[in-house]
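The sequence and structure are shown first.

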Amino acid sequence: MKNINFLLSLIFVLTFVIFNFGQNTFVITDPLKDESKLEIDSGIENLIKKQVFPTVKNHWKEDYCPSGSEELAGVVRGTFTKSGSTQTLVLYQYCQTGNGLGNNILVLLEDGKIIKTFGEESGWAITLKQLPDINQNGIDEFSITYGGGMHQGQGGTGIDILEFVNGKPKVLGWLQESAYTEDDEYSYKVWVKKGKIPVFYREKYVTGSNDKLRKVGKATTFKLKKMEGEEFKIWK
């Protein structure tokens, strides 16, 4: 009987640990999984095209950043500026201005209305993702993946981790997601343990001759790198 009770207690403890670990960690990027297909509500899409896109020419000249080249990079929902709210963030790469360079638009909506619009001159915007309050301060963070090729057969992708501070997106730091050269190609699975001071982990995967990913080494902790360069500026 004692053995049965001990076994049941052990199962309960392990179940609690696994559940708690799952609740307190979040995968930011995983090279072994495909990103879900982007979908945007037609009403939101039409609203942005009607109210936001025409104002671009006031910030970026048409010959420098032509209209009609915009691409949807992400749509996410969460609590981004105030606790208890349900808001939508939409990211567009409005145009590419060079090798690995692009102009991007971030739109914040609530209750079907555009609250604020932001623009930046940065890199090629690829993906927008919601991060469910990883620093436990009551609002959600979000990530933006940027990428592009560099000269001499080199390139890769990086991820900015952002949070709204005083109504404006602020980059808390960034991390490398993938890189390639003529001789090497690798990527990282990255996840975070939530807390007042979030802890970031990563596993490295290399691409073999058969294009299959192979894990190298063990998972390690790391710190975000400091942001350098342009950040989003408020348009509205």
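This is a predicted model: local features need pLDDT of at least 70, side-chain atom pairs count only at pLDDT 80 or more; totals for chains, interfaces and linings use all residues.

S9 and S10 form a hairpin with five residues between them. Within this pair, Tyr188 stands opposite Lys204 in S10.

S10 also pairs with strand S11 (residues 213–222), again in the antiparallel sense, over seven bridges. Here Thr207 stands opposite Leu213 in S11. The hairpin of S10 and S11 has five residues between the strands, and Asp211 takes a positive phi near 65° in this hairpin.

Leaving aside residues up to four places away in sequence, Ser187 touches Pro31, Glu177, Ser178, Glu203, Lys204, Tyr205 and Leu213.

## Nonpolar cores

The largest nonpolar core has 19 residues, of which Ile48, Val90, Tyr94, Ile105 and Val107 touch the most other members. Helix H2 (42–51), strand S3 (87–98) and strand S4 (101–110) each supply at least two residues of this core. S3 gives the most, with four residues.

Beyond residues up to four places away in sequence, the contacts of Tyr94 include Phe53, Val56, Trp60, Cys65 and Pro66, as well as Asn103, Asn104 and Ile105.

## Pockets

The largest pocket holds about 620 Å³ of space. Its lining consists of 27 residues, and Gly123, Tyr146, Gly147, Gly158 and Trp174 lie nearest its centre. Strand S5 (113–131), strand S6 (141–149), strand S7 (155–165) and strand S8 (168–180) each supply at least two lining residues. By class, this lining has six nonpolar, 16 polar and five charged residues.

About 350 Å³ of space lies in the second largest pocket. This pocket is lined by 18 residues, with Glu35, Ser36, Thr127, Leu128 and Lys129 the closest to its centre. Strand S2 (71–78) and S5 are the elements that give two or more residues to the lining of the second largest pocket. That lining divides into seven nonpolar, three polar and eight charged residues.

Notes:
Residues are numbered from 1 along each chain as its sequence is written. Side-chain values use heavy atoms; hydrogens and water are left out. Contact means heavy atoms within 4.5 Å. Two strands pair if DSSP finds at least two bridges between them. A nonpolar core is a set of buried Ala, Val, Leu, Ile, Met, Phe, Trp, Tyr and Cys residues joined through side-chain atoms within 4.5 Å. Buried means under 20% relative accessible area, exposed over 50%, partly exposed in between (1.4 Å probe, protein chains only). On a 1 Å grid over the protein atoms alone, a cavity is a set of points where a 1.4 Å probe fits but cannot get out, and a pocket is an open set with protein on both sides within 12 Å along at least five of seven lines; lining residues have an atom within 4 Å of a point. Grid points are joined across faces, edges and corners, and a volume is the space filled by probe spheres set on the points. Ala, Val, Leu, Ile, Met, Phe, Trp, Tyr, Cys and Pro count as nonpolar, Asp, Glu, Lys and Arg as charged, and the others, Gly among them, as polar.
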